[in-house]
Amino acid sequence: MEEIKGFDLINLQEIPIEETSLDFVPKAFDDYLGQKDLKEKLKIYTQAAKMRKEPLDHMLLFGPPGLGKTTLSQIMASVMEVNIKICCGPLLERTGDLVAILSGLEPRSILFIDEIHRMPTVVEEILYNAMEHFKIDVIIGQGAGAKSITLPVSPFTLIGATTKAGMISAPLRTRFGITERLDFYEPEDLAKIIKQSSKFLQFSITDEAALKIGICSRGTPRIAKKLLRRVRDYVQVQNKSSIDIQETEKALEFLGIDKNGLSTIDNLLLQQIIEKFNGGPVGLETLASIIGEDKDTIEDVYEPYLLRLGYLEKTPRGRQIPSKMQTKLKQKFVGQISLL
Ligand code: ADP
């Protein structure tokens, strides 16, 4: 959930969502729209674990950012009536950070680690014994006097979220009993999410406008909700009380989003591959430095959607635009001045 990301790990607290959120946050499976198959499976796993009064099996959720991994984990915690602690892999810098969190867990609670692939190896190693035997090995003291002691932790569930399943080490991956992938959402599902949010924001939106925003949201609920808020701003300053298709189209154009849902950065990226590399292949790092974006951002945020729509393909020599797309894009970019 975007509101909680990056909160201070050392003072890890459970922040009541109601107090932090200006937008609708699903708190039950029924409010979590789309991802039907995954939801059905998770409903069964959570219900069964609750009936047995056991923690849920450790779970690895993977998929691009903003698809609802954190939200799903919060729903599972709520269904199981257990606490959830949320933290982020790269912020767990020292083993002590993780030991403090693990030793404070209540029985059956959920520990959600976002970007688990970015956790330092020494910290990750603490998790192995904790996940498998609910024990942690801690070194006390320094030098010759140092000794290792084993501490028990309450039976808990680790939910690891990652955008890069391939970067999870084998020892960690094999300790997850459940591995699930979140797919991009269809525009119709995103339109439902947009309607749900607009109801919460007390702003009316036509079905056609909601679908239009859905189409332009790169298959991602977080983007759909952000776009809705921006379109609402645009409409509100014009003293209009509802969002219709005409205003939505104008607002999207104003925001630099084209009719296929591609942003200025997407178009810039494609334009550079066409103009500077004749369609590719080009290495990710070169591409990143040319368009002035971070390599990980291109890989995690922009690329998955471009790959999905067939604008881009990955080859051993770098990224390239398939030849059929090149023709289409050359026509689109002809006469347009490159922003770089
Ligand atoms: P992730 O953890 O995968 O980055 P989040 O769980 O933080 O994604 O979700 C991003 C935003 O989208 C949140 O505001 C969340 O409430 C909303 N969201 C995600 N999935 C859904 C869904 N299926 N239905 C309704 N809202 C959703």
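Two residues are taken to be in contact when heavy atoms of theirs lie within 4.5 Å. By this criterion, in the predicted model, valine 123 is in contact with Leu92, Glu93, Arg94, Thr95 and Leu98, its neighbours within four places in sequence being left aside. Valine 123 belongs to helix H5, which spans residues 121–133. The relative accessible area of valine 123 is 0%, and because buried means under 20%, the residue counts as buried. Between valine 123 and glutamate 188, which are 65 residues apart along the chain, the C-alpha atoms are separated by 41 Å.

The chain as a whole contains 14 helices and 11 strands. Its C-alpha atoms fill a box of roughly 70 × 50 × 35 Å along the principal axes. Of its 340 residues, 49% count as buried. Among contacts with a separation of 6 or more, 70% are accounted for by residues 24 or more positions apart.

Packed helix pairs are described by the angle between the two axes and the distance between those axes. Helix H10 (residues 245–254) packs with helix H8 (residues 207–215) at an angle of about 25 degrees, the axes being 8 Å apart. Angles under 35 degrees count as roughly parallel, and H8 is therefore roughly parallel to H10. The crossing of these two helices, H8 and H10, is right-handed. On the H8 side the contact involves Glu208, Ala209, Lys212 and Ile213, which meet Ile245, Thr248, Glu249 and Leu252 of H10. By class, the contact of H8 with H10 comprises 4 nonpolar, 1 polar and 3 charged residues.

H10 also packs with helix H9 (residues 221–236), here at an angle of about 110 degrees and with the axes 9 Å apart. H9 and H10 are therefore roughly perpendicular to each other. From H9, the residues Leu227, Val231, Tyr234 and Val235 take part, and from H10, Glu247, Thr248, Lys250, Ala251, Leu252 and Phe254. The contact of H9 with H10 divides into 7 nonpolar, 1 polar and 2 charged residues.

Another roughly perpendicular pair is formed by H11 and H13. The axes of H11 and helix H13 (residues 295–308) come within 11 Å and cross at roughly 80 degrees. Because angles of 65 to 115 degrees count as roughly perpendicular, this pair falls in that class. Ile265, Asp266, Leu269 and Leu270 of H11 meet Ile298, Tyr302 and Leu306 of H13. Of the residues in the contact of H11 with H13, 6 are nonpolar, none is polar and 1 is charged.

H11 (264–277) is also the helix against which the buried residues of H14 pack. In H14 (residues 323–333), the buried positions are Met325, Gln326, Leu329 and Phe333. Viewed down the axis of H14, these buried residues fall within an arc of 105 degrees, so they line one face of the helix. An α-helix has 3.6 residues a turn, so residues three or four places apart point the same way. The face of H14 turned away from the buried side carries Lys324, Lys328 and Gln331, which are exposed.

Terms used:
Residues are numbered from 1 along each chain as its sequence is written. This is a predicted model: local features need pLDDT of at least 70, side-chain atom pairs count only at pLDDT 80 or more; totals for chains, interfaces and linings use all residues. Side-chain values use heavy atoms; hydrogens and water are left out. Buried means under 20% relative accessible area, exposed over 50%, partly exposed in between (1.4 Å probe, protein chains only). Helices (H or I, at least four residues) and strands (E, at least two) are DSSP runs, numbered from the N terminus. The arc is that of the directions from the helix axis to the C-beta atoms. Axes are lines fitted to C-alpha atoms, for helices over the stretch in contact, and angles run from 0 to 180 degrees between N-to-C directions. Angles under 35 degrees count as roughly parallel, over 145 as roughly antiparallel, 65 to 115 as roughly perpendicular and the rest as oblique. A crossing is left-handed if the near helix is turned anticlockwise from the far one by less than a right angle, and right-handed if clockwise. Ala, Val, Leu, Ile, Met, Phe, Trp, Tyr, Cys and Pro count as nonpolar, Asp, Glu, Lys and Arg as charged, and the others, Gly among them, as polar.
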